Amino acid sequence: MAKILVIEDEKNLRLLYKQDLERDGYVVVTAADAPEGVRLVEIEHPDLVVMDIRLPGMDGLEAMGRVLDRHPRLPVVLNSAYSSYQDSFMSWAADAYVVKSADTDELRSRVRDLLDARAAG
Amino acid sequence: MSEGRRPVLDDVVAIVMAGGQGERLYPLTRDRGKPAVPFGGIYRVIDFTLSNCLNSGLRRIHVLTQYKSGSLERHVRIGWGPIFHHELDEWIQCVPPQLRVEQRWYQGTADAVYQNVYLLDQDRPRLVLVLSGDHVYKMDYAKMIEAHETSGALATVAAIEVPVGEASAFGVIAVDEQSRITAFQEKPKSPAPIPGRPETALVNMGVYVFETQALVRALSADAKRETRHDFGHDILPSLVDSGRLHAYPFHDLNNKARPYWRDIGTLDSYFEASMDLVAVEPEFNLYDRGWPIRTMARPLPPAKTVFAQEEPGGRLGIVLDSIVSPGVIVSGGRVERSILGPEVRVNSYAKVTESVLMDGVDIGRHAKVHRAIVDKGVRIPQSFVVGENEEDDRKRFTVTPGGVVVIPRGTLLD
């Protein structure tokens, strides 16, 4: 069963993503800030990371850079309330960029596509 | 508006890859990277690429360093920094590895640029010119950028025409009739010829113009794959299928029969390229005022020869068929077909032939130096002989396959 790490500082969103992704059949671990997220990647060895960009402790793009430096092939979904980060070249290292919305449909669909592709590839 | 400030060039940032270790130039690269190796008396290898930038009107340059970069960083900062005007949004800067997490060297040329993608994010140029700081040639990058813009390509690769028989040593580019690149061949046994010209192949010069977004996209994708993270091997081939990857024929500004582009990769090729410079009609012309090669200016006195005792046994300071840098004193010694770097001193009755003496080398009285490269500051003692007995030389020094003796910096002789 694929394991997903969700890095999200808003408690309610963290719970929502955990609940919805678990319902889709994944194991979900969560972190509330970027340094904790970066640390958990090493401990939990997730198959995919969903991360917010505006995070306490460290910018999410910076955190993604650190994670990808060690695990270049780990799929990362950036999940932000702001679409403007898509202009940043640093965000282009992500496998997907999802703008937060009222439901988790798009997020879950991108997660599924990436994990399917990873399983196939 | 002056000619050197063309609007299109305001949209271009140049990235010079200057992290090359230059292992095959060891021991000249023991304390410096390849781009910082002195060449032609007063220059460093990187000066040729930087002069091309300057002469092409490019004024925004990142120099990516990594390996023993102190000497290069100093050269660029002191020698090149002051002629770029920050107020006009012009700059040249050395960028060392940022070592975000892993303390490691760049894994390839593409990794070097990818690790510094934040610079492009700040600069936001429309086009990126990727260059190597290792090569010696003269090229107007502005013309290549114009051709790139006209073609509508995502990336354009400069290519030099080489006889098919000689192309196997290089990265060869296969093109169609419209100069679109169809394949890359790395040191191929049978190089693809140019359509309609079976005797000629195109060789990748390591000079690339990219649409910035296409570059970042290709680098980001490559970073996630297990590749060599190399422009020629991975990034450019990944753009072939787009049909928007073009070759640009190298227009040599050196005005000689054969186009001149050298990767001074080995000690022997370094030596040969140096000896070419002292030929009466050198292949590479340093004296073209239309394409000046500049370097760090140093306030040194003019070169001088002393003692004109032409009678047998007299002291005669004489220099023939040679390049003589500022601050040199040839005091009663004889120099032929050699390059004397700044502040070299050749003392009485010494004889220097077919050699490269770098800054501050001192040749003692009655010493003989033949077919040697002597690195900065080495003192050759009185009556010492180099280059006459290969067996003796091998015991103490590096001797190249071509029989050139290399005496590295810091060598103490008695």
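How many residues of chain A are in contact with residues of chain B, and how many of chain B with chain A?

1. Across this pair, 18 residues of chain A are in contact with 20 residues of chain B, where contact means heavy atoms within 4.5 Å. The model is a predicted one, in which local features need pLDDT of at least 70 and side-chain atom pairs count only at pLDDT 80 or more, while totals for chains, interfaces and linings use all residues. Residues are numbered from 1 along each chain as its sequence is written, chains are lettered from A in the order in which they are written, and side-chain values use heavy atoms, with hydrogens and water left out.

2. Chain A and chain B bury about 1,600 Å² between them, 53% of it on carbon and sulfur atoms; buried area is the accessible area (1.4 Å probe) that two parts lose on being put together, summed over both. On the side of chain A, Asp69(A), Phe89(A) and Trp92(A) lose the most area to chain B, and together they make up 46% of what that side buries.

3. The rule finds 2 salt bridges across the interface of chain A and chain B, a salt bridge being a side-chain nitrogen of Lys or Arg within 4 Å of a carboxyl oxygen of Asp or Glu. One of them joins Lys224(B) to Asp95(A), with the closest N and O atoms 2.5 Å apart. Helix 3 (residues 60-70) of chain A gives the largest share of the side of chain A that touches chain B, namely 6 residues; helices are DSSP runs (H or I, at least four residues) and strands likewise (E, at least two), numbered from the N terminus.

4. Over all chains, the count comes to 13 aromatic pairs, for which rings of Phe, Tyr and Trp (its six-membered ring) must have centres within 6.5 Å, with planes under 30 degrees apart counted as stacked, over 60 as edge-to-face and the rest as tilted. Among them, Phe48(B) and Phe284(B) form an edge-to-face pair, 5.6 Å centre to centre and with 70° between the planes. Phe48(B) lies in helix 1 (residues 46-55) of chain B and Phe284(B) in the loop between helix 8 (267-277) and strand 15 (304-306) of chain B, so the pair ties together parts that are 236 residues apart in sequence.

5. Phe48(B), at 0% relative accessibility, counts as buried, and Phe284(B), at 1%, counts as buried too; the term means under 20% relative accessible area, against over 50% for exposed and in between for partly exposed (1.4 Å probe, protein chains only). Ring pairs link Phe48(B) and Phe284(B) into a cluster with Phe39(B), Tyr43(B), Tyr260(B) and Tyr270(B).
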